[in-house]
Amino acid sequence: MAEFAHDTVVPYQKSALSKKEQVATMFDDIAFKYDFLNHFLSGGVDVGWRKKAIRQLSILQPKQILDVATGTADMAIIESALLNTEKITGIDISEGMLEIGRKKIDKLGLSNKIELINGDSETINFADNSFDAVTVAFGVRNFENLEKGLSEIKRVLKPGGKLVVLECTKPKMIVIKQLYNLYMNWITPAIGKLFSKNRNAYSYLNESIKKFPEGKNFTSILNNLGYKNTYCKPLTLGTCSIYCGEK
Ligand SMILES: C[S@@+](CC[C@H](N)C(=O)[O-])C[C@H]1O[C@@H](n2cnc3c(N)ncnc32)[C@H](O)[C@@H]1O
C-alpha cells in the first residue's frame, strides 16, 4: 500500500496507487457528470470566475496558451472566445476528461484553435520558453507535487509570460464560513454521490481545499520559485481566488 504523509490528501485513502494515479482514476470515473456537477454545485458562478481569471491576460494578449489540468476544456474554450489567441493547448492526466473536452471542442468548431493532449503538469512535454501564458483552473490542488508542477510551468513560460491560477479557497467571515462548511461537508458530497455515484470524489474536493496552502501561502510558494509580480485576488466572499505570477 502507498505511504502518504499525514497532510497528503488523496481520493482513496486505502488505495495502493500514487496520488497522481488516484486523481486520474477519480476524474476518469466522474468525467461524464463533471460539467453538470461543476456548474450545479457552484450555482453557475464558476463561469464568471473563469472569465475574471482569463481577463488577467487581457493586457498581455497571449498568442500561445497552455491550459494545465484542462479537464473538459472549459478554460480553453472561454480563452478562445475572450482572447485573440493563435493556439491553446490543454494538458491533463485524465483521458476520460479529455475525451469529453475533445467532443465539446469539435462541436464548437474550435479544433483548429484548441488541442488537448494527455500530459502531466510535473513533467510538461514542451521545450523551455514555449508559451506566452499558462492557466490552471481548479487543478493545482490536485498536483501530487505542487512545487514541481509550478516550476515546470515556469520553465515552459516565455520570459515575461504570465501564470494565472484559479483555485477554491475557504471563506474567512464567520457566518459565511459556517454556511460554507455545512455546504462542503454535507451537501456537496451527498449531491456528488447522487449524480456521479462517487462520494469519495466530492469528499476529496472538500478535504483537498481544507489542506491547500491558500492566499499569501500560495503567493509565497510562487515567489520562492522565482515568479515575479505575484498577486492574489479573492472572489465571491473568499470562496475562490485568482493567483498570478510572471516569469
Ligand atoms: C477539478 S478538475 C479541473 C478541470 C478544469 N481545469 C476545469 O476548470 O474545470 C482537475 C483536473 O486536474 C487534472 N490533474 C490533476 N493532476 C494533474 C497533473 N499532475 N497534470 C495534469 N492534470 C492534472 C485532473 O485530471 C482533472 O481533470
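Ser-80 is buried, with a relative accessible area of 14% (buried means under 20%, exposed over 50% and partly exposed in between, using a 1.4 Å probe and protein chains only). The model here is a predicted one, so to speak a calculated picture, in which local features need pLDDT of at least 70 and side-chain atom pairs count only at pLDDT 80 or more, while totals for chains, interfaces and linings use all residues. Residues are numbered from 1 along each chain as its sequence is written, and side-chain values use heavy atoms, with hydrogens and water left out.

Ser-80 sits in helix H3, which covers residues 74-82 (helices are DSSP runs of H or I with at least four residues, numbered from the N terminus). Its side chain reaches back to the backbone oxygen of Ile-77 at 2.7 Å. Leaving aside residues up to four places away in sequence, Ser-80 touches Thr-85, Ile-88, Leu-110, Lys-113 and Ile-114 (contact means heavy atoms within 4.5 Å).

Now for the ligand. It is surrounded by 19 residues, and the closest are Tyr-34, Arg-50, Ala-69, Asp-92 and Ala-137 (a residue counts if one of its heavy atoms lies within 4 Å). Helix H1, residues 19-41, gives the most to this shell, with 4 residues. A polar side-chain atom of Asp-92 lies 2.6 Å from an oxygen atom of the ligand. For Ala-137, a backbone N or O atom lies 2.8 Å from a ligand nitrogen atom. Taken alone, the ligand exposes 600 Å², and the protein buries 98% of that (areas come from the Shrake-Rupley method with a 1.4 Å probe).

Technical notes
Helix = DSSP H or I, 4+ residues; strand = E, 2+ residues; numbered from the N terminus. Polar contact = N/O pair within 3.5 Å; in protein donor to acceptor, adjacent residues only side chain to side chain.
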